[in-house]
Amino acid sequence: MTAHSTYNIPIDTLRYIVMLDNGINFKRIAIEVGKTRQAVSQAVATAEKRTGLKILSSKSSGAVLTEQGERMATFARKVVAQYDYTAAFVSVLQKEEYSQQ
């Protein structure tokens, strides 16, 4: 693939990639995150287009991660976990701030 400009993949898209790596299909991901199946699929397709990476491959059983997608999922898993940890920490700080008022 050709080189592409830097693209910041949204955290939600990284989360979808991790979920796909966990064997969850688009329909189930959509239900779990409260989006349509099309929105989840489009988010991953946009990441593919903007990065120039082939993240998914279509199989008769549904979409599966390619080797590049699996490698991305390895790092995305760490990013998503750190993001969730940070969000939880911010929530604690907000509660502390609220209780001090």
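**View 1. The largest nonpolar core of the predicted model.** In this predicted model, the largest nonpolar core has 17 residues, and those that touch the most other members are Ile17, Leu20, Val44, Ile55, Leu56 and Leu65. The elements that contribute two or more residues to this core are H1, H2, H3 and helix H4, which covers residues 67–100.

**View 2. The surroundings of Leu56.** Leaving aside residues up to four places away in sequence, Leu56 is in contact with Leu20, Phe26, Val44, Glu48, Ala63, Val64, Leu65 and Thr66. Among these neighbours, Leu20, Val44 and Leu65 are also listed, like Leu56 itself, with the core residues that touch the most other members.

View 3. An α-helix has 3.6 residues a turn, so residues three or four places apart point the same way. After H3 comes Gly52, whose phi is positive, near 80 degrees.

**View 4. The crossing of H1 and H3.** Two packed helices are described by the angle between their axes and the distance between the axes. The axes of H1 and H3 come within 9 Å and cross at roughly 105 degrees, which means that H1 is roughly perpendicular to H3. Where the two helices meet, Thr13, Tyr16, Ile17 and Leu20 are the residues from H1, while Val40, Ala43, Val44 and Ala47 are those from H3.

View 5. Glu32 is part of helix H2, and its relative accessibility of 44% makes it count as partly exposed. Not counting residues up to four places away in sequence, Glu32 touches Met19 and Ile24. Thr36, in turn, belongs to the loop between H2 and H3, and Thr36 is also partly exposed, with a relative accessible area of 46%. From C-alpha to C-alpha, Thr36 and Phe26 are 9.0 Å apart in space, while in sequence they are 10 residues apart.

Definitions and conventions:
Residues are numbered from 1 along each chain as its sequence is written. This is a predicted model: local features need pLDDT of at least 70, side-chain atom pairs count only at pLDDT 80 or more; totals for chains, interfaces and linings use all residues. Side-chain values use heavy atoms; hydrogens and water are left out. Helices (H or I, at least four residues) and strands (E, at least two) are DSSP runs, numbered from the N terminus. A nonpolar core is a set of buried Ala, Val, Leu, Ile, Met, Phe, Trp, Tyr and Cys residues joined through side-chain atoms within 4.5 Å. Buried means under 20% relative accessible area, exposed over 50%, partly exposed in between (1.4 Å probe, protein chains only). Contact means heavy atoms within 4.5 Å. Axes are lines fitted to C-alpha atoms, for helices over the stretch in contact, and angles run from 0 to 180 degrees between N-to-C directions. Angles under 35 degrees count as roughly parallel, over 145 as roughly antiparallel, 65 to 115 as roughly perpendicular and the rest as oblique.
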